[in-house]
Amino acid sequence: CKIASYMPSLPTVFAFRRSTRYVASCFEDNIIDQTNHGCLAEANFKLDGLPKEYYYLVRKITIDGVDINQLNTIFKPEYLRRGGNTIQVDENGNPTIVDHRLSRLSELILIGVIDGPIEFPPLLQKLRIGMVGHNFEYLILPTSLKKLDMSHGSIPNEDITVEGVSKPAWHFVHELEIPESLDYLKLDHNSIDKLFFQEFRFPQHSLLRKLDLNNNDIDPYEGVDPDNPNILDNIVFPEHLRELDLGDNEIGANGTRFLKLPPLLERLSLDGNEIGTGFASLEFPSTLKVLSLKSTGIDSENVAGLQLPPNLKKLYMFGNSIGIDGFNRLRLPDRLRILDLENAGIRVENKEHLLRFPPTLEDLDLSDNYISSPAYIEFPPTLKSLKLVGVNLQKDQRFRFPASLKTLDLSDNTPLDTSIDFPQGLTTLKLRACRLSNESLATLLCNGKLTQLTQLVLSTNMIGGLRTTVTFPNTLEILNISSNKLVLGDVDKLVLP
């Protein structure tokens, strides 16, 4: 069993230590240095028959006298240029300059100002670009490209003056030629507005499957004449699109009429848009399987206008105050497997407010509502995961959970009665911040039913000063007992498998 008190933060990617093996393991997860100097370029070579190596694309760099532990200090903006040499860490852990044509390069990250033509390697599949400005014509993208990332301010939120004409930077995006092979386009966290869809040219036979436009300024109602709307006002997406993220934009109740979702869409996020009554005019494609509507202004009245597609599998509605009346108006699809109703303003105090769910539901989150007893929930027989965090469960209630349950989170219910009738097959139990005492812990472990438990979270409670030994289930693999009142002598009293 491992006792987990905290998860240490990963080291800065350029803080190399000892061996190249350690360096490679850091890069394996594509960790990007966030120091003041920043990471200007990362290239991931995948050479046939050779181990994976990591290089840095620059024009010139001075490494004489530079300690390996200070390698990050030599990556400065003035060194980033088009083309150039590469830097590699050799078998002794020393940086060396290597001349390479980059013909096998498959993944590249460039953070710097693009101020001239760049001809990318012909086999490049993933590209992350920063600070394009308005110079889209300089990006000659290879036909092999699968993923293009121009997120987080790659295009500045400012007007650009070219030949005496001042326009927002996004108005020059028509100069960017997108290859038909592109599968994933990330444009989140920029300042894209509705005009982007008039300027940007998707290929006629685009194979684009995933489009991320999260955190922009898109308002479908922008520029619409309410007395004379027409088809040109509509925002249209590539027809083969499968995943679309429009979260945290400016989509309001009036804009949904001009939002034409692609017919084959499977995943959609509209999080953070105050749509409210606008859902009544929004048509979801029948292919939709995952829908995220967190904090979208749905309440107990306008929830009735939400027409959910019949094949929906996952629904996330965190932060919408639908209440118990709105829940009863919510028409959940019969095939739903995952439902998130956290912080939905639901208040259940008696059997008259009985909550019923689709028979196929496997994962349910009702956290931060008011549910005095799970006895007022009609659990489906397929339920595997249940979160009732901070729902004010009443002490001395005898709870009955479905036998199918594997994961249960009752955190932040104080005080919690640990004589709960836990299901026999439970593998993960989370009881963080429940004001559990030594006696509560003893009652919990004497339950006799936690014979399959592999993970137990008891952090932020009042356990400490143990007088007798505490024996945990033999199946336990992870125990989190951090932020309690344990003293040095208590460790010897914890009997772990």
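1. Phe 258 counts as buried, at 5% relative accessibility; the classes used here are buried (under 20% relative accessible area), exposed (over 50%) and partly exposed (in between), with a 1.4 Å probe and protein chains only. Tyr 221, by contrast, is partly exposed, with a relative accessible area of 23%.

2. The structure is a predicted model, in which local features need pLDDT of at least 70 and side-chain atom pairs count only at pLDDT 80 or more, while totals for chains, interfaces and linings use all residues. Residues are numbered from 1 along each chain as its sequence is written, and side-chain values use heavy atoms, with hydrogens and water left out.

3. On confidence, the protein averages a pLDDT (the predictor's confidence in each residue, from 0 to 100) of 77, and 75% of the residues score at least 70. The pLDDT is below 50 over residues 4-89, a stretch with 162 contacts in the model beyond near neighbours in sequence; a contact means heavy atoms within 4.5 Å. Residues 93-102 also have a pLDDT below 50, with 30 such contacts. Where pLDDT is low, the predicted coordinates should not be read in detail.

4. As to the overall fold, the protein has 4 helices and 33 strands. These are DSSP runs, numbered from the N terminus: helices (H or I) of at least four residues and strands (E) of at least two. Of the 497 residues, 48% are buried. Among contacts with a separation of 6 or more, 48% join residues 24 or more positions apart.

5. The structure holds 6 aromatic pairs. Rings of Phe, Tyr and Trp (its six-membered ring) pair if their centres lie within 6.5 Å; planes under 30 degrees apart count as stacked, over 60 as edge-to-face and the rest as tilted. Tyr 221 and Phe 258 form a tilted pair, 6.1 Å centre to centre with 40 degrees between the planes. This pair links distant parts of the chain, 37 residues apart: Tyr 221 is in the loop between strands E14 (210-212) and E15 (235-236), and Phe 258 in the loop between E16 (243-245) and E17 (259-260).

6. Phe 379 and Phe 401 form another tilted pair, at 6.2 Å and 45 degrees. Both residues are buried.

7. Phe 196, Phe 197, Phe 200 and Phe 237 form one aromatic cluster.

8. Two lysines deserve mention. Lys 194 lies over the face of Phe 258, 5.8 Å from the ring centre, and the charged end of Lys 210 sits over the ring of Tyr 184, at 4.4 Å from its centre. The criterion is NZ of Lys or CZ of Arg within 6 Å of the ring centre and within 35 degrees of the ring normal.
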